[in-house]
Amino acid sequence: MKKIAIIGSTGSIGKQSLQVIDNLKDVKIIALSANENINLLTKQIIKYQPKYFHIHEKYAKKMVLKQNSKLKTNEEIAKIKEIDLFIIASTGISGLLPMILALKSGKQVAIANKESLVIGGPFIQEILNKHEKNGAKLLPIDSEHSAIWQCMVGEEWKSVKNIILTASGGSLLNKSNEQMKKITPKDALNHPNWNMGNKITIDSATLFNKGLEVIEASILFNLPLDKINAIIHRESIVHSIVNFNDGSSKAHLGIPDMRIPIQYALTYPERKMTNFPNNLSLSKIQKLSFEEIKNRQFPLFNLLIHAAKKSDGSLPAILGADDILVNAFLNKKIGFESIYKIIKKISPNFKPSNQFILDNVIGAYEWGKEFAMKEISNKK
């Protein structure tokens, strides 16, 4: 019986994880965690009867439960010994400290939280090296990283020439420059292929999300950024490609459904039958297209990669700013193009700390949020 905790159980990945778990007989939910969605979390607790739960402290008093579930912080949940698999399905930096504590406790951590992994990358690698012998392991949930992971079964990393992640191009790929100036949240949230939360869907439209995934791949697979690239693949059928030194390539294909990589992480190394549609019919699709990412259309992608290579400490600040800017766009406080224009100002204005410690990295993230809020205020 695999015992699981889910941080972010009311979000898109969290809900899809529970859909997968509904089809698995040998899984027990030990803890569920949400930020503010009281109604859905209550329903989840009634259905799965976890021993522990978490919700933001300002909502905790409003929770009315007949179950004996105990309120815990995410950090406390991360250290519970009986948990085998710790799923981080939240967004933003909220997953960073729980991830660190879970890995230090020798747990397997299934990660769908790009921000926490990108910000904490160097610290996470150090912790994995130290605690891997105790069972600590990172299992990717994102479809692209799961694809790489699956392509590498039976292979050696020394044989890899490079890897290629694919990007759908998001909801705005076919928009003209003139149309881009008038983009509404509804336009940007209309993703052609994937069912995702609002934040990640907007980040997909800017390709900010794909930049994070390139950096995430570097951390997960211990590869230099120069060995990782991304291309536009509108159909979202090929999720990643691994090119080998001998000229061979492996590609992972599947329909665009996050439940497939989620289940692989939950049941690894087994592959179990699913009860949701998952048949890939290439004869029906007929055409798979690939094209380069154009900087003119997606300037945030290259800006993010450049910040990661530059290592000037601005990367966490950029992520913090993006959190605020995407929310501001969704609430119609700024236009779509302002997301890039404001983030572009961060590196020239950011003054990094000389000491590379976790508190300073988190501080840079908070600085980025404050910078973005000031820029939004200046636009009013």
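A salt bridge, as the term is used in this talk, is a side-chain nitrogen of Lys or Arg within 4 Å of a carboxyl oxygen of Asp or Glu. Good morning, colleagues. The structure above is a predicted model, in which local features need pLDDT of at least 70 and side-chain atom pairs count only at pLDDT 80 or more, while totals for chains, interfaces and linings use all residues. Residues are numbered from 1 along each chain as its sequence is written, and side-chain values use heavy atoms, with hydrogens and water left out.

I begin with the charged pairs. Side chains of opposite charge can pair when their charged atoms come close. Helices (H or I, at least four residues) and strands (E, at least two) are DSSP runs, numbered from the N terminus.

How accessible are these two partners? Lys-47 is exposed, with a relative accessible area of 52%, and Asp-22 is partly exposed at 44%.

A second salt bridge, between the side chains of Lys-199 and Glu-115, has an N to O distance of 3.6 Å. Here too the pair links distant parts of the chain, with Lys-199 in helix 11 (residues 198-206) and Glu-115 in helix 6 (residues 114-119), 84 residues apart. Both Lys-199 and Glu-115 are buried. The side chains of Glu-178 and Lys-181 form a further salt bridge, at 4.0 Å from N to O; Lys-181 is exposed, at 55% relative accessibility.

Asn-209 lies in helix 12 (residues 208-221) and is buried, with a relative accessible area of 7%. Leaving aside neighbours within four places in sequence, Asn-209 is in contact (heavy atoms within 4.5 Å) with Lys-114, Ile-200, Asp-203 and Ser-204.

Leu-173 lies in the loop between strand 8 (160-167) and helix 9 (177-180), and its relative accessible area is 10%. Not counting residues up to four places away in sequence, Leu-173 touches Ser-168, Ile-232, Arg-234, Gln-297 and Phe-298. Leu-173 and Ala-205 are 32 residues apart in sequence and 7.7 Å apart in space, C-alpha to C-alpha. Thr-10, in the loop between strand 1 and helix 1, counts as buried at 15% relative accessibility. With the same exclusion of residues up to four places away, the residues that Thr-10 touches include Lys-15, Ser-33, Asn-37 and Gln-44.

I turn now to helix 13. Why is helix 13 said to be largely enclosed by the rest of the structure? Eight of the nine residues of this helix (residues 259-267) are buried, so the rest of the structure largely encloses it. Among the buried ones are Arg-259, Pro-261, Tyr-264 and Thr-267. Their cover includes strand 1 (2-7), helix 1 (12-21), strand 5 (85-88), strand 6 (108-111), strand 7 (137-140) and helix 8 (143-151).

On a 1 Å grid over the protein atoms alone, a cavity is a set of points where a 1.4 Å probe fits but cannot get out, and lining residues have an atom within 4 Å of a point. Grid points are joined across faces, edges and corners, and a volume is the space filled by probe spheres set on the points. The structure holds one cavity of 30 Å³ or more. The largest cavity has a volume of about 70 Å³. Its lining has 13 residues, of which Ser-143, His-239, His-252, Ile-260 and Pro-261 lie nearest its centre. Helix 8, strand 11 (249-253) and helix 13 each supply at least two lining residues, and the largest share, four residues, comes from helix 8.

Technical notes. Buried < 20%, exposed > 50% of the residue type's maximum accessible area, 1.4 Å probe, protein only. 1 Å grid on protein atoms, 1.4 Å probe; cavity = no way out; pocket = protein on both sides within 12 Å on 5 of 7 lines; lining within 4 Å.
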